[in-house]
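Please read it alongside the sequence and coordinates.

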Amino acid sequence: QVQLVEFGGGLVQPGGSLRLSCTASGSIFRVNTMGWYRQAPGKLRELVAAITSGGTTTYGDSVKGRFTISRDNAKNTVYLQMNNMISEDTAVYFCNADVFSARNPLSSYDYWGQGTQVTVSS
């Protein structure tokens, strides 16, 4: 089974920065699009950013100009650099990846990380 493990969440002051990472491991044949979603209390889960295997990126409107997504294909790792953070960024952040498993390389599936808490507060 494929597993996604996230690191980097925590407490940060307004205007500060955090860097999240997510690494896919297990029986992997190929990792396609990877991304980050978040869910704040009382709100729906929303797309933060996504990146294809070729490097094409997509950002949610609320984070454009502040967050940057990147990936290291050799390490099956995706990163999210968060700058100029504001209180509205407070949420649980989930890593997502579309993966071809080595056990069934003809079909890909969405996998999710466990979620990491990000809190922006003075």
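Cys 22 and Cys 95 are joined in a disulfide (a pair of cysteine sulfur atoms within 2.5 Å), with their sulfur atoms 2.1 Å apart. The model is predicted: local features need pLDDT of at least 70, side-chain atom pairs count only at pLDDT 80 or more, and totals for chains, interfaces and linings use all residues. Residues are numbered from 1 along each chain as its sequence is written, and side-chain values use heavy atoms, with hydrogens and water left out.

**Disulfide**
- A search of the whole structure finds one disulfide.
- Cys 22 lies in strand S3 (residues 18-25) and Cys 95 in strand S9 (residues 91-101), so the bond ties together parts that are 73 residues apart in sequence. Strands (E, at least two residues) are DSSP runs, numbered from the N terminus.
- The disulfide is left-handed, because the torsion about the S-S bond of Cys 22 and Cys 95 is about -85 degrees.

**Sheet**
- Four strands form an open sheet in the order S1-S3-S8-S7, with antiparallel pairing. Two strands pair if DSSP finds at least two bridges between them.
- Strands S1 (3-7) and S7 (67-72) stand at the edges with a single partner strand each, so one side of each has no neighbour in the sheet.
- From one strand to the next, the twist averages 15 degrees, where axes are lines fitted to C-alpha atoms and angles run from 0 to 180 degrees between N-to-C directions.
- Six bridges pair S7 with strand S8 (residues 77-82) in the antiparallel sense.
- Arg 71 has Val 78 in S8 as its bridge partner.
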